[in-house]
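Please open the model in your viewer and keep the selection panel at hand. The tour begins at the ligand and then moves on to a pair of helices.

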Amino acid sequence: MLSIGLLLLSAAVQIHGRSVGKYARVVGPETAAANTYDFIIAGGGIAGLTVADRLTEDPDTTVLVVEYGPFDNGEDSVLVPGLYNPGPYLWPVFFSAPQPGLNNGSFPVLMGGVVGGGSTVNAMFFHRGSTEDYASWEALGSTGWGWNDLLPYFKKSENFTQPNAQFAQARNISWQNEVHGSSGPVQASYSPYDYESGGNFWNGAASLGISAAKDSNNGDPTGIFWLLRVLDPTKGSRSYARTAHYDRVINSRPNYHLLPENAVSKVVFKGKQAVGIEYVTRSTGVKYTASAKKEVIMAAGSVHSPQILQLSGVGPKPLLDGLGIPVVVDLPGVGQNFQDQLSLAINYNFTSNHEPNGGSLNSNATYDAEQHALYKSTHQGAYTLIRTTGNQNIALPLRNTTTSYSSIISAARARDPASVLPPNTHPTVLKGYKAQRDRLLKQFNSFHSPIGSLSWNTGPATTLYMLHPLSRGTIAISSTDPLANPVVDFRSLSDPTDLDNVLALLRKNRDIMSTPSMLALGPTEIAPTGGFTTDEELKAVLRASTQPSNGHECCSLPMMKLEYGGVVDPSLQVYGVKGLSVVDLSIFPFELGTAPSATVYAVGEKVGSLARVCANVAQVASIRDTPLFHGVQSTTSSLAIETIDPQVKSKLSILALHFIPLLDKPFVQSPEFCKMFAKLTTKIALRKAGIRSDTFSFPESKPGSNDEPSTALPIANPFANLSVPKSWQSWSTPPPPPVEVAPAPVIGTRSPSSPLLRLPVADGRPTVVVFLRHCGCSFAEKTFLELRRLANKYPRLQFIAVSHSSQQATDKWVKALGGAWSVSVVVDEEREIYALWGLGISNTYHLLNPWTQVARNKLGKEEGIWGREVDPSGNRWQIGGGWAMDELGTVRWGAASKTADDIPNLVEACKTLGAM
Ligand SMILES: Cc1cc2nc3c(=O)[nH]c(=O)nc-3n(C[C@H](O)[C@H](O)[C@H](O)COP(=O)(O)OP(=O)(O)OC[C@H]3O[C@@H](n4cnc5c(N)ncnc54)[C@H](O)[C@@H]3O)c2cc1C
């Protein structure tokens, strides 16, 4: 038998904890480098997280997402629309090249640098383009990405909540349920609050013949309509890629790894095959590589995906040669065709505006405080709107914007497209641009495709958005340093048509402000355009005041034909290499006549679902070749399976019925397409059909380097191999929890939440949670008794105890203590919640150091608490702890216990939550 003295000596040598688990949610750079993944995704924004979510639905598919930014901390500035402040999570200081079209100004390059990307910082508008936009995309080579192809994925991405019927009728909200989804991960709803003056704007537009859109998301977004937002109607908070495609699934996806605060620096190639990535830890500058067996997926957004490709040797040869980067494939289109939507805010004074209005939160402290309190208690009111925005938006086709539309279009047609692009543009890029212009100018002539929109916040500002620019910019690296920003050149207004269109929108806005219903409010246009009247004067002001970016950067790796300067094919594979695809909004051929995020989500959903369809095709194709399926006969309408188990046969037939009809479609039939998607997922289809993915022994090897790490404690558990009585089993080495132990939550951050322990709790009470070290331990008993006492005393708080002993053992223990009274007891036998809260396995010192033994004796002698015998479940090596969360789930107090006798001071916890 080992003596206590020897134990303590060993403890002094090794006192830190152990990381456990085959897979985890958040991983460090070393873990990512040690694994081989099926897919590696560069960038954890909208596209990256959507695709990661869908790929990891197959438990056999492993995915690593590498994200440049950190996680947000659930701050009000992210979650509460009325406190919107994107600043902290925007990409750090980043300015464009000087813009000759905008009086040589340099402008901020706006985008998220955070898990969730743009969806964490954006203005929450959730709109789709027009059927004409997507039809034009198809005409340019994006076969299979038309409106009808995308509609199922728009629906799949969304959980639409219709507004209250009475409110909708009173405020002119119009929608069509049939174009919306009701069970997707992204919450979409209208704000339940409106300012009175919104009605004046609506009536003003109507008096000019601008009709109401039936539903701005039905493929014809023209007219006046209410803005749909990614607003969770129950919580009144932002719904974003993190909540929709990470938080929602992560507790059930040990195969989904996310490495934050690391920048992907390049794609690693073996010949033309992408086999992994190189990434750099931002805080240390240390570089690592991670391997991908199937695919490397670019989702770093329209500025950084082209940067990464260029750093990897995929791009225009002259640029790469100039920087000494070995060329993997000369692709002239990488970084060309860059676009953003221009915006201009026009300020107004009003003599008789309704109060409150969209400016009142900023100008009236009493109203602001009142609305904040209302939001806190009911999640209603003006705080459900992004601060200082209104609800009504007018999307205008050029023909309804200006009577000069035909001369604008003729002048654009007469212009030499080459004169609009940078000098020495590659002929393929020029050809593609000509094709785009042709399509866009047709759309300029249509009544169903907006060129811009007007949005009055009902207070001091109207914003114009120029949605369909003809100017084209560039993204180009100027250094091989992956942490240096690429040169972003918007080249705004390099095509004068764009200035004509901004001017037309400005004049249309003046028309609306001059309608009787708006004049009743006494508007005066002030900065920057007020007082200017001639076209020349106004154009000069517009060049001085228009913003080149709305944070909608796109199109720098377009999905177009190769001969059009395209970079990816319709299966989103990068031309000229293998195992490399792009899924973010850099694949758009051109800007949509709306904000982009709804389409980025749909692209991610389509990638995920098509992956399955093509996996079916590929799987059945390989089934046909296996000896198991000698009897399989296939026709274009059915599969006859004769030699296999009848149950599998019926499931496979169902599966076949799903894919066979698709084979008749030329696009899905294309071998390249199916090859690509067969690689993108492999076994999901069979799983979905209820067939084990390894039933047919496809040539899929298990990731060797993902082998379970050793379960040894940092110092050998002295009891591990002893043959002990049953009651001693709690001393044996526990198996690792199913997820890696995360860092413990710190004060000011959002608490972890999982299906077993959801925070904030449903009734919104501030909450104290304790994690019991072990039912049987005297310190756990003392903690629980104190929790029970306080729960009785402070009913306005919620008290929860988490136990990792079995339900039976926990119940028995609680009963022996006299009952739980007002404490909720959660059983977490797997220790999954413990791991999420940073509570792993202790070392020997934590448990057996001399001071802990002294404390144990003291507790026994002074309070009669000696611990108890329990059923042999749970174990004594588990670390406990306690935390206090406010009503929004933000951690206000607490930590993991440093040693077994470190009992959380729960009185302090209650004080912090304002209970005393
Ligand atoms: C201020 C603002 C307001 C907006 N408002 C709206 C709106 O109201 N409605 C709307 O539809 N759209 C809006 N947008 C645009 C929308 O959010 C973006 O178009 C959308 O997020 C793009 O999705 P994505 O997946 O292509 O890229 P992103 O969501 O930007 O994701 C790219 C991710 O890649 C990461 N990354 C970049 N480089 C690297 C690297 N080297 N290694 C690892 N990771 C990297 C980034 O940090 C980011 O998280 C707004 C954007 C901004 C900035």
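**From the ligand to a helix pair**

In this predicted model, begin by selecting Pro-596, where a polar backbone atom lies 3.5 Å from an oxygen atom of the ligand. The protein covers 95% of the 990 Å² of accessible area that the ligand has on its own. To see which elements take part, colour α3 (46-55), α5 (118-121), β9 (262-270), α11 (301-311) and α22 (597-624), each of which gives two or more residues to the shell around the ligand.

Next, select Glu-67, whose side chain places a polar atom 2.6 Å from an oxygen atom of the ligand, and then Ile-46, where a polar backbone atom is 3.3 Å from a ligand oxygen. Now widen the selection to the 38 residues that surround the ligand, the closest being Ala-47, Glu-67, Phe-125, Val-264 and Ser-597. Coloured by class, this shell divides into 22 nonpolar, 14 polar and 2 charged residues.

To inspect the contact itself, display the side chains of Ile-409, Ala-412 and Arg-413 in α16, which meet Arg-437, Asp-438, Leu-441, Lys-442 and Phe-444 in α18. By class, this contact of α16 with α18 comprises 4 nonpolar and 4 charged residues, with no polar ones.

Methods: Residues numbered from 1 in each chain as written. Predicted model: local features only at pLDDT ≥ 70, side-chain atom pairs only at ≥ 80, totals over all residues. Heavy atoms only, no water. Near = heavy atom within 4 Å. Polar contact = N/O pair within 3.5 Å; in protein donor to acceptor, adjacent residues only side chain to side chain. Areas by Shrake-Rupley, 256 points an atom, 1.4 Å probe, with all protein chains shown as cover. Helix = DSSP H or I, 4+ residues; strand = E, 2+ residues; numbered from the N terminus. Nonpolar A, V, L, I, M, F, W, Y, C, P; charged D, E, K, R; others polar. Contact = heavy atoms within 4.5 Å.
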